[in-house]
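Colleague: I have just opened this one and have not seen it before. Could you walk me through it?

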Amino acid sequence: MLVLFETPAGYAIFKLLDEKKLEKTENLYQSFETPEAAGKIVKLKHFEKFTDTTEALAATTAAVEGKLSKSLKKVLKSHVDKDLQEQLLVADAKLGSAIKEKFSLQCLSNTNVQELMRCIRSQLDSLISGLPKKEMTAMALGLAHSLSRYKLKFSPDKVDTMIVQAVSLLDDLDKELNNYIMRCREWYGWHFPELGKIVTDNVAFAKTVKIIGTRENTATSDLSDILPEEVEEKVKEAAEISMGTEISEEDILNIINLCDQVIDITNYRTQLYDYLKARMVAMAPNLTILVGELVGARLISHAGSLINLAKHPASTVQILGAEKALFRALKTKKDTPKYGLIYHSMLVGQSSTKNKGKMSRMLAAKASLCTRVDALGEDGNFSLGPEHKAKLEARLRVLEEGNNRRISGTGKAKAMFEKYQGKSEIKQYPEAADSTLPSVSKRKRSESENVKEEVKIEEVEMATPGSSKKKKKKAKKQEEDIEEKEEAQEVVEDTPKKKKKKVKQEPMDVSVGQEEIEAEDGSVKKKKKKKVKQELEESTSESVEVKEEVPGDPGSEKKKKKKKKSESSE
C-alpha cells in the first residue's frame, strides 16, 4: 500500500509497512512520536523535487482543482506499478478519482488516511532525507506568495475591482468635463457670446468653436455635419451682429486646444461606459437588468465588492449611499431616509412621489436576491433579473392606478374586489354649462313649482278621499265657532266705538284661526286653503254690513235716554 504525500518542495511516495495501523487510527499519533517509530510504519520510496517555483505553482493549482499535473503523471508512471495492483492513499478525493480514471489505480481517501497524513507531516523532516528544514521553509513561503498572487489575479471575487475603478473614474470624468465645458463657454463667450445660447449641446459647442475659430470665419465655414440647418443659419446671423470683443490668434489657439481636450475626454467617457456595461453584464447580469449598469456598479463600489453587497440585507441595500442622512435622522429622532443610490434606478424614477418609498423597498428586496444569485450562483442563471423586473413593473402599474389590489392571495378575494370596488366611473361634461342664453327667473321657477305642487295635491286627494272629507268637516266646525264668537261680541258691546274696534279685530281673529287650522292640519293642501279664504271673505262681508247698521242705532238709544229722564223728573 502506497501513500502519495504533497509538499511545497515536491511529491513524496511512501510505502506503508504496517497496514493494520490504518485500521485503528485512534492512537496512531503515539506511533509517530519519534522518528525511529515513524520509520517502522512508513518508508520513503521516492521523492520528486520541483525544479522551480513556477512548476510548484502549476502543480499546486492543479491539485486544488482536482486535476493531474505533468510532474505528478511522470512520478506515477515511473514509480507506481500497475501490475502489482497496489492501493494508493491520497489526501484529496477529487485527485484520487482523477488518478483512477487516468491510470486505473485503486485510490483510497477517508478519515483514517487524513489522520495518517497528519502523522507523516509531523515527522516529515526525518522521513525525507537530503532536504534541510530551512530550504523546505523557504520553498513553502515562495509557493504561498505565488499562489496568493495567482488567486488575486484570477479570483472571481476580485474581478469586480475593475468595476469599482471604472465607475469611480466615470464619475471623475463627468466632473472634469463639466469644469472644462464651463471654462470653454466662458472663455469663448467674450468673443462670441451668442453662440452659447444657440448651441446648447456641449460636444457640438466644442466642435463648432474648433471649426469656426474667430467669428469672422463663420460665414465661410461649413457646420452642416455638426448642427442642423436652422441652427446653422442662426449661428451665421448672430455672428454678423455679435456684441463680443476682438481676440488675438494666440487666444483662439488656446481655446481650440481646450475644445480638443473636451472632445477627447467625451470620446474616452463613452468608451469607458461601454467597457463598464460589458463588465457588469459579465459579472452581475441579474442586478444589471434590474437596476441598470450605473446604479449596479455604484452599489458594488459602495459595498466594496460583489460578495460584500450580497452579504447585505435588503434594508441596507435600500439606503446604501444615504448613511449620513440615516445617522442624522437617528440622532435627531426624525424619519429615516427611504432610499439611497437605488433612487437613480429606472423603476423608482418612473413612480410618483408618494410611491417612491414603496418602490425602492420592493426594488431593494429583489436586488438583494439578484446580487446573491450573481455572486454565489454557479450555474449562471440570467432569468431571475427579467422575471423580478416584470413583477415590479406590474406592481408599479397597480400602485399608480390607485387600486390597492392584492397581487398574491386567493382568486376569490380578487374577484370580490373587482365586483364591489372595481367600478369605473365615467364623467361627462355638462353641455348646459356652455349655454349663453339667460337663465329662467326665480319667480317663474317658483310659479312652475307651485303648479307642480297643486297637481300633486290633486293626485293625493284623488287617492285619499276619506281623509279630505274629515279635514273639510274640521274646517267648517272652526268657521262656525268663529261666527258664534262674533255674535256674542256684538251683544256684549255697548258703545259703537268698541264695536268698530271689535269688528276691526275680527279679521285678525280670522287670520289667527286660519293659522291654527294650518298648524293643526299641516298636511292640508293649497286647494283647501282657497275654499277657506272664500268662506272667510263671506264672513267679513257680513261684519261690514253690521258696521253700516251701527250708525242708525245711536239715535234710538238717545230717544230712550230722554224718555227715561222725563220719567224720572215726573
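Modeller: Before we start, a residue is called buried when its relative accessible area is under 20%. This is a predicted model, and buried residues make up 33% of the 570 residues in the chain.

Colleague: How many helices and strands are there in the chain?

Modeller: The chain has 28 helices and 5 strands. Of the contacts with a separation of 6 or more, 64% are between residues 24 or more positions apart.

Colleague: And what is the mean pLDDT of the chain?

Modeller: The mean pLDDT is 78, and 71% of the residues reach 70 or more. Over residues 492–528, however, pLDDT stays under 50, and the model has 35 contacts beyond four places in sequence for that stretch. Residues 542–555 also stay under 50, with 7 such contacts. Where pLDDT is low, the predicted coordinates should not be read in detail.

Colleague: Okay, let's pick a helix. How far apart are the end C-alpha atoms of H22?

Modeller: They are 26 Å apart, and this agrees with expectation, because the 18 residues of helix H22, residues 384–401, should span 26 Å at 1.5 Å a residue.

Colleague: Which residues of H22 are buried, and what do they pack against?

Modeller: The buried residues in H22 are Leu384, Gly385, His388, Lys389, Leu392, Leu396, Val398 and Leu399. They pack against three other helices, namely H15 (285–291), H20 (346–350) and H21 (356–376).

Colleague: What follows H22?

Modeller: Gly402 comes after H22, and its phi is positive, near 90°.

Colleague: Switching topic, how many aromatic pairs are there?

Modeller: The count comes to 5 aromatic pairs. In one of them, Tyr11 and Phe50 have ring centres 5.5 Å apart and planes at 75°, and since planes over 60 degrees apart count as edge-to-face, so does this pair.

Colleague: Where do Tyr11 and Phe50 lie?

Modeller: Tyr11 lies in strand S2 (residues 10–16), while Phe50 is in the loop between strand S3 (42–49) and helix H4 (53–64), so the pair ties together parts that are 39 residues apart in sequence.

Colleague: Are those two buried or exposed?

Modeller: Tyr11 counts as buried because its relative accessibility is 4%, and Phe50 is buried too, with a relative accessible area of 6%.

Colleague: Which residues form an aromatic cluster with Phe205, and what lies over the face of its ring?

Modeller: Tyr188 and Phe192 form one aromatic cluster with Phe205. Arg185 lies over the face of Phe205, at 4.5 Å from the ring centre.

Notes. Residues are numbered from 1 along each chain as its sequence is written. This is a predicted model: local features need pLDDT of at least 70, side-chain atom pairs count only at pLDDT 80 or more; totals for chains, interfaces and linings use all residues. Side-chain values use heavy atoms; hydrogens and water are left out. Helices (H or I, at least four residues) and strands (E, at least two) are DSSP runs, numbered from the N terminus. The expected span of a helix is 1.5 Å times one less than its number of residues. Buried means under 20% relative accessible area, exposed over 50%, partly exposed in between (1.4 Å probe, protein chains only). Contact means heavy atoms within 4.5 Å. pLDDT is the predictor's confidence in each residue, from 0 to 100. Rings of Phe, Tyr and Trp (its six-membered ring) pair if their centres lie within 6.5 Å; planes under 30 degrees apart count as stacked, over 60 as edge-to-face and the rest as tilted. A charge sits over a ring if NZ of Lys or CZ of Arg is within 6 Å of the ring centre and within 35 degrees of the ring normal.
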